[in-house]
Amino acid sequence: MKTQIDRTENKNIIKFSSEDPLTEGSHSFLTLDQAESSPFAKQLLQFPFIKEVYISPFFIAIEKTDLVEWEDVLEDLKEMVDDAVINGKLFSNNKPKSYSIYVEMTPNPRVMKFVSNNVLTENNIEVKTREEAINIPILNSLYNQFSFIQEIFISENYLSITKDTSVEWEEVNMEIREYLFNYLQGGGEIIGDYKIQPAQAKQNREYSDVETKIKEILEEYVKPSVASDGGNIELIEYNSENKTAYMILYGACSGCPSSTATLKNGIQGLLGEMMPGIVENVESVNG
């Protein structure tokens with residue numbers, strides 16, 4: 001099963017596409033610590049010109065710096081990608097996981113991001129009440145341990161936690177970090193038998209050509225930076241009559257004071273530039 005090289009509109013990003021599924025969910029690796037679960041990504045990130053490795057179900061995207069040109073390294077990278085895909089080297093699940101947790105601020109002052117070096121879940125799961133978290137072991141445990149937690153969003157290798165006003169982050173973020181480390185390193189269940197709810201699952205329907213293009217742009221240009229801020233964004237639908245793309249925001253993006261500016265000045269501008277005359281407006285369905 002070999003991959004096909006696809007150029008992208010970003011000159012520093014190239015994609016290796018596959019007709020067969022490579023993995024479940026999407027995985028972004030920016031540092032060697034984050035790549036502990038992927039020997040392939042860890043190998044690539046040791047090259048000084050590799051900035052990010054992004055593995056999704058049907059393609060692998062590699063972002064380089066300006067230190068090299070693709071023509072100088074593309075053939076060798078293609079061999080490495082095909083070897084990893086054919087011989088099952090994208091991920092390693094045959095050794096006990098060793099966890100590390102680090103804390104990141106987000107643009108939303110009420111939300112702090114807790115990042116793991118291992119993938120935690122393949123789905124986006126957001127709970128806004130203690131009751132919603134009862135059947136999700138790691139989230140239920142956090143609610144039971146910390147009374148000031150209001151909302152939790154878990155996606156891939158991080159949790160975005162929203163607090164109330166009874167505490168300041170500098171008072172509690174290290175306590176949460178230590179608790180998460182001990183929970184995960186001790187073998188605590190993450191998702192358990194929880195089944196993703198229809199409202200939280202990605203819509204199971206056929207997307208139009210325009211919607212597919214919007215989703216591709218979000219995947220390549222928007223989601224990595226949004227995830228780095230502790231959130232996520234998904235396309236709900238595109239309305240051709242008013243040329244509007246409707247999005248749902250997760251985690252730190254939901255309710256963030258800067259989310260409107262991000263949508264209007266960032267994503268709307270990007271889609272308008274890349275799809276002129278087609279997307280003229282971007283709206284959030286959950287603010």
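Trainee: Why does Glu156 count as buried?

Mentor: Buried means under 20% relative accessible area, exposed over 50%, and partly exposed in between, for a 1.4 Å probe and protein chains only. Glu156 has a relative accessibility of 18%, so Glu156 is buried. Bear in mind that this is a predicted model, in which local features need pLDDT of at least 70 and side-chain atom pairs count only at pLDDT 80 or more, while totals for chains, interfaces and linings use all residues. Residues are numbered from 1 along each chain as its sequence is written, and side-chain values use heavy atoms, with hydrogens and water left out.

Trainee: What makes the backbone of Glu156 worth a remark?

Mentor: Glu156 has a positive phi of about 55° and is not a glycine. Most residues other than glycine have a negative phi. Glu156 sits in the loop between strand 9 and strand 10. Helices (H or I, at least four residues) and strands (E, at least two) are DSSP runs, numbered from the N terminus.

Trainee: Why is Ser208 called partly exposed?

Mentor: Ser208 has a relative accessibility of 33%, so it belongs to the partly exposed class. Ser208 lies in the loop between helix 4 (169-185) and helix 5 (209-228). Its C-alpha atom is separated by 8.6 Å from that of Tyr238, 30 residues apart along the chain.

Trainee: How do you know that Tyr143 is buried?

Mentor: Tyr143 is at 2% relative accessibility, and therefore counts as buried. Tyr143 is part of helix 3 (residues 137-145).

Trainee: What does Tyr143 touch, leaving aside neighbours within four places in sequence?

Mentor: Contact means heavy atoms within 4.5 Å. On that basis Tyr143 is in contact with Val127, Lys128, Thr129, Arg130 and Ala133, and also with Ile149, Gln150, Glu151 and Ile152.

Trainee: Which strands does helix 3 lie across?

Mentor: Helix 3 lies across strand 8, strand 9 and strand 10 (158-163), and runs at about 155° to strand 9. Axes are lines fitted to C-alpha atoms, for helices over the stretch in contact, and angles run from 0 to 180 degrees between N-to-C directions.

Trainee: What makes strand 8 and strand 9 a pair?

Mentor: Two strands pair if DSSP finds at least two bridges between them. Strand 8 and strand 9 (residues 149-155) are joined by four bridges and run antiparallel. Among the residues involved, Ile125 has Ile154 in strand 9 as its bridge partner.

Trainee: Why are strand 6 and strand 8 called edges of their sheet?

Mentor: The sheet is open, with five antiparallel strands in the order 6-7-10-9-8. Strand 6 (101-105) and strand 8 (124-127) each have a single partner strand, so one side of each lacks a neighbour in the sheet. From one strand to the next, the twist averages 20°.

Trainee: Where is Thr121, and what does it touch?

Mentor: Thr121 is in the loop between strand 7 (111-116) and strand 8. Not counting residues up to four places away in sequence, Thr121 touches Ile154, Ser155, Glu156 and Ile191. Thr121 is buried, because its relative accessible area is 6%.

Trainee: How do strand 1 and strand 2 pair?

Mentor: Strand 1 (residues 4-7) and strand 2 (residues 13-17) share four bridges in the antiparallel sense. A hairpin of five residues joins strand 1 to strand 2, and Arg7 stands opposite Ile14 in strand 2.

Trainee: How many cavities of 30 Å³ or more does the whole structure have?

Mentor: The search finds one. A cavity is a set of points, on a 1 Å grid over the protein atoms alone, where a 1.4 Å probe fits but cannot get out; lining residues have an atom within 4 Å of a point. The largest cavity holds about 70 Å³ of space, and Glu156 is one of its lining residues, which also include His27, Phe29 and Asn117.

Key:
1 Å grid on protein atoms, 1.4 Å probe; cavity = no way out; pocket = protein on both sides within 12 Å on 5 of 7 lines; lining within 4 Å. Points joined across faces, edges and corners; volume = space filled by probe spheres on them.
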